[in-house]
Structure formats: C-alpha cells, structure tokens
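Subject: Structure for your review

Dear colleague,

I am handing over the structure below, and after it you will find a written account of what was found. Please read the two side by side.

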Amino acid sequence: MRAGRRIAGWADGRLLLLAAVVSAQPTIRLSAQDTSAIDRGVRIGIVYRPGVRPGIVVLPGSQASLDSVRAIITRDLDYSDRFEVITMPGAGAASLGPAEPPVTAPRTAPGLNYPLYRALGADFAIEARRVGDTTVVVVHDVTAGGIRRAFRQVLPALGQSGFRLAVHRVADQVLQATLGAPGIAATRILFVRDGKVYTIDQDGTDIGLVSSSDHQAMSPAWARNGRQFSYMEFSEGHGQLFVQDVATHHRVSVVTTGKALDFTPAFSPDGKTLAFSRATEEGTDVYTVNMRDNCCLQRLTRGGFSDNLSPTYSPDGQRIAFVSTRPGLPQVYVMSADGTDQQLFAPFDYGVTGSSNAPEWSPDGQSVAFHRDVGGTLQVFVLDVRTRSVRQLTSLGRNEDPTWAPDSRHLAFVSDRSGYRQLWVIDLETGRIRPLLQQSGARLPAWSPRIPEAVPTNP
Amino acid sequence: MKRVHSLVLMGFGVTLVAACAKKEPEVAPVPQANADSVAAAERARADSIAADSARRAQEEAERLARQRAADSAAAVAAAAAEVRNTLAAMIHFDFDKANIRPDDAGMLDQKVAILNANPDLRIRINGHCDERGSDEYNLALGNRRSTAAKNYLVSHGVDASRIETASYGEERPVAMGHDEDSWAQNRRDEFEILSGGDVLRRP
C-alpha cells in the first residue's frame, strides 16, 4: 500500500477519504499501462499523481434537495480524471442526509475558510445552493482565496428527463471554469447488446434502448454534431444502414444499391458524407455516400483479393483510416478522403503481429485507437499519428473495440477482465480504469461528442 | 256434403271387409322342391358370390392403388427431404480462413448435382464465423466464406444468378460454447432455399 492512496468504495455511493495528505512521491510520467487488476466498482492499484492534479472538493450543504446534484457533479469531476477529488466525511451521499457544514467553515458566501481547504489539499471548492427555483453553483479558487465563477441555472426536477444531463453540463462548466478544459460529463455512449442499440450516460446511468426494430443491429456511430447517429441492421441477408435523430428517434435508411451487406458507418466531420464498408461477391470495400442528398455512391477501395473495411475519418475530414487485409492479415491503413494515397498506418511485423481491427481516430487527430490480436486474444492499442508508433494499452483479459471520448484522453472499450464481456473506461493520462456498465454482452461502443443543448421539447 | 261422402266411403269399406271375411282361410301350400328354382337360387348365389368377390377384388385393387400412391408420395417426400438435407448440409472452415476444405468439396459436388436436377431451385449461402475474431471484420470474413462456396458451385456449372450470398459474421452462432468444438461448428456456410424447393428431385 502506498501512502496517499485513496480507498474508495462507491458501490454504496459513499466515498471515504482517508487522507488528503499526500506523501512525497516521485512523479513519474505515466505510460498509462493497464497494469491494474480492478474488479467491479472497486478501485485498487490506481496510480495517482499527487501534486500534479489539482485538488477539488464539493462542499456538503444543508439543502438535501441538492444532494443528487452534488453527488453527480462530484462523480463527474472524479471521472474527468483531472482532479484529486477530496471528499468531506459525510458528504457525497444522499443517504447520509444533510451533513453538518465543515468545521469552522463559514457558510456565508463569498468567504470560505480558504486556509482550511488549502490545508486539505484543495485548489478548488464547489458549492451548490438553491435560491428559489434556481440552482447556484459557485466555483471557489481556494489558492487565490476568492470566487472564480458562479453559475445560475434552473435545473429540471430530480427524476425528470433531462435532469442528469443538465447536471452533467454544470459539471462540464465547473471543469471549464477551473481548468479551462471542456469536459466529457455531458456525453453518452451507444453500444450493442443482444442485437439492439442502447445508450448510456458516461457515468453509467440512464440506460435506454434506441434502435427500434426487431432486426439485429450492429456498429453504432455518432455524427460529430451529437444530434444523429448511424447503425447497421441485418435484413434478409443484407446489411442496411440507418441514420437516426437523437431527439426525435426518427430514422431514415441510407441509400444502397442492390442487395449488399453495408456495415461500419462513419460520418465525415462535416456530416455531409457517410463512409461505410460494403461486402459483395467481389469482397469488402470502403464506399462513401452523400448524406444530404442521399446519393452519389463512391467506391474508395478496390480490394480484389483483399478486404477493406471499418473506415474512420480524421477530425479535419482529410483522411480516412481503415482496415485492409492486403498484407494477409487485417491491419490499419490510411488514405485520403477521396480514396487516393493508400498506405500502411499502424506498423506491424510481418508474420509476427496479429490481426489489427476496429480503428477509431481521436477527436484531437493525434491518435488512432484500435485492437490487435496478441497471443490469441485482443488488446487495445493506440497509434501516434505523428510518429506512427504504436503502444499497447491493455493486457488483462480480452480488450477490444476502443472508442474515444471527446476529450481524446478517455477510451471506452469492451473487456472480459471481470469474467464477462462488458464496457470499461480507461483514462490514458492516469491509466485509471473503471467499469461503465455491469451488464454482460455489451459491445461495439461508440462515445458521443458533447451532447448539444436539446431543442426544448414539450414536457 | 263432406259428411255424406265419408259415410258412403265408410259403407264401402265395411262391405269390402265383410267380403274378405267371408272367404275360408286357404291351406298353406306344401313347399315342393322345384328343380328350376333351386338351380336359379344356386345360380343367383353363385352370381352373388362372384359379384362379391369381384367387388372385393376391385376394392382391394383400389386399396392397393391408393397404397401404392401413398407409398410413392411418401417416397417422393422422403426423396425430397433427403435432397433438402443434402442441400442444407453445412460446410466448415478453418480459423480466419475462407477456402473450401478438400473434405467439404464432396458436399458441394452433391449440391451441384441437386441444383442441376432442380433447375428452378434458387439458394442463398450464409457465411458465419466464430466469436474469436473482431466483430466487424467477421462480417467481411463471413462474406468471403459464402462467396467461396458460391464460386465453387458456379465453377462447377451452376448459374451464378441462382445463388445469393450473405454474411452474418459471428452474430448467429449454432453452438453457444466458448471452446474449440463450438468455434469449429460456428465457422460455417449455411445453404438456404430461396425458391423452387417445393418439389425437389433426386439428381
């Protein structure tokens, strides 16, 4: 046991902080190797970098109605992996009821007992209050000894649809106000289970079914605007692509010619083009179709004796990474968005390296995540686009189908490390891994962009 | 008037009854053997026996005919079922491979013969994979497997337009285990009748 490690069990919602005191520890730049053996909901062996990440505390309050808000924000900040989240004893759980204000901390804004929180290791303190029907969230800069920002927001009632997403947005505002970085709290992940497409919030709540028919579905993919997604459904031996609207659930089928098997859709960043794989008797190749006019099918690859599939756009829309079997086994290739200049992308040793599949280009453009067969099982790898070097990210169990969070530092993926296949989230900066879902059989995850403010709908 | 008529009729009836009653009851004639009638009876009986046996024979013949028809229908059905089974017999593949195994070529030859004997028959070949590969890559691999079988059939003279191909990747396993035995069963092509399969003839 290392000093300074936090032991937290949040299966019951309680966060227990043993010490905000951190011991001096060599600060090692982590390579985010998946060396931790983490079981469901329990964090063991998570590598923290004390002193590198700012400490943040969400202050307990006397208004119990805000306990859910505080709990969600606390968890979002924790899951951002950008803070040492300092949990006050008695805080963080609605079940504990309204907690006493922290000792000697005056509850009157603007002043907090800043020296006390500084002593606890906090750089920021977050306070949530209710004034009438407005929720006021105050971001205290403990180091500077003052208020940095305050947000006033009318949140939907607890339990109402939109409540959690609204609170996630507040958490993202807090992250923006403290670190100047956009967060990933207001994001969702699509995944496939039992042939149907589901959605889940990034914190593992609010699971919902989104595919609408009895046909077997696969390969969900988000449009970069976060308002639409695409997926494939089997139909009479063919694969039909659909584009569905998040808000209205209305879906349209993407034009296909003849009786082909179309799969692995990928939106171009401008949303105008959908790239996908099409399997015919000639093999599988990458095609594009004009989304706006539902026309103009273009074939980007001509495999002949090899298959080309699983396209993914670079965020500038200029290039497409894809899988090709031209070297014998599937490996990750790249081409211009018009299909020219096809070349190997992720290096491999001929005859040694296993199959590589399921590439996804990171939103910041710097990396491509994919999975590769290592000794008969699959592991998640990340390709550095600039240096074209790859590193293995996971090693425990079978790990596959990585998908990037919009912050380009978190990946969701499928792993059987807990004994059954389910979704996990890894932070590449800290190496921390958490389960996203406790249901077996979940696969093919697709992490959304930041979910845009919804057009107000009738309640 | 009516009553008068009834009375008249009634009187008539009484008279008739009286007239009959007046006759002495006749002595019943003693039955005597009549050679003609005996012969006639014999004849009639023989005729009846003959007719009967003819009828029976005819019935028997009809029954046999029905039986034969039933037998032959059953035989046709059995033949069709056998043909259907032969046609539906799956072929299997090595891990991450889509080439036809030499020991499966004989099964495909049988399917060629069936397709040749039943020119209206149209089929779809569905390629499948085991769960070990990548989910999406397996769609491409399953497609290669179904296409490989189609190419074999076409290269042996079957018209390409009679065969569709499809792939389900690893989405529809037949064996649910997570072991080599299950994987081997799941790496397969299935042969599905699309049309013209109602009356299948033996090659």
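Two residues are taken to be in contact if their C-beta atoms, placed from the backbone, lie within 7 Å. Please keep in mind throughout that this is a predicted model.

With that cut-off, and leaving aside neighbours within four places in sequence, A:V368 is in contact with A:A321, A:V332, A:F345, A:A346, A:P359, A:E360, A:W361, A:S362, A:L383 and A:V385. One of these residues, A:L383, is also the bridge partner of A:V368 in β23(A). The strands concerned are β22 (residues 367-374) and β23 (residues 377-384) of chain A, which pair in the antiparallel sense over eight bridges. They belong to an open sheet of four strands, ordered β21-β22-β23-β24 in chain A, with antiparallel pairing. At its edges are β21 and β24 (389-392) of chain A, each of which pairs on one side only, and the twist from one strand to the next averages 30°.

A:V368 and A:L383 come up again in the largest nonpolar core, which has 136 residues: together with A:I73 and A:I126, they touch the most other members. The element that gives the most to this core is helix α4 (residues 137-155) of chain B, with eight residues. As general background, nonpolar side chains tend to be buried together in soluble globular proteins.

A second sheet of chain A is also open, and its five strands are arranged in the order β2-β1-β3-β4-β5 with mixed pairing. Here the edge strands are β2 (84-86) and β5 (146-153) of chain A, each pairing on one side only, while neighbouring strands are turned by 25° against each other on average, direction ignored. Within this sheet, strand β1 (residues 55-58) of chain A pairs with β2(A) in the parallel sense over three bridges, and A:I56 stands opposite A:V85 in β2(A). Helix α1 (residues 67-79) of chain A packs on the sheet, where it touches β1, β2, β3 (124-131) and β4 (134-141) of chain A, and its direction makes about 165° with that of β1(A).

Turning to where the chains meet, 24 residues of chain A are in contact with 17 residues of chain B. On the chain A side, at least two residues each are supplied by β13 (261-267), β14 (273-280), β17 (308-313), β21 (356-361) and β29 (443-447), and β13(A) gives the most, with three residues. By class, that side of chain A has nine nonpolar, ten polar and five charged residues.

Chain B itself has five helices and four strands, which run α-α-β-α-β-α-β-α-β from the N terminus on. Of its 203 residues, 27% are buried; among its contacts between residues at least 6 apart in sequence, 77% join residues at least 24 apart.

One residue of chain B may be worth a look in the viewer. B:D104 lies in helix α3 (residues 102-117) of chain B and touches B:I91 and B:H92, not counting residues up to four places away in sequence. Is B:D104 buried or partly exposed? B:D104 counts as partly exposed because 19 other C-beta atoms lie within 10 Å, whereas a buried residue has 20 or more.

With best regards

Methods: Residues numbered from 1 in each chain as written. Chains lettered and ligands numbered in written order. Predicted model: local features only at pLDDT ≥ 70, side-chain atom pairs only at ≥ 80, totals over all residues. Buried ≥ 20, exposed ≤ 12 C-beta atoms within 10 Å, placed from the backbone. Nonpolar A, V, L, I, M, F, W, Y, C, P; charged D, E, K, R; others polar. Core = buried A, V, L, I, M, F, W, Y, C linked by C-beta atoms within 7 Å. Pairing = 2+ DSSP bridges. Axes fitted to C-alpha atoms, helices over the stretch in contact; angles between N-to-C directions.
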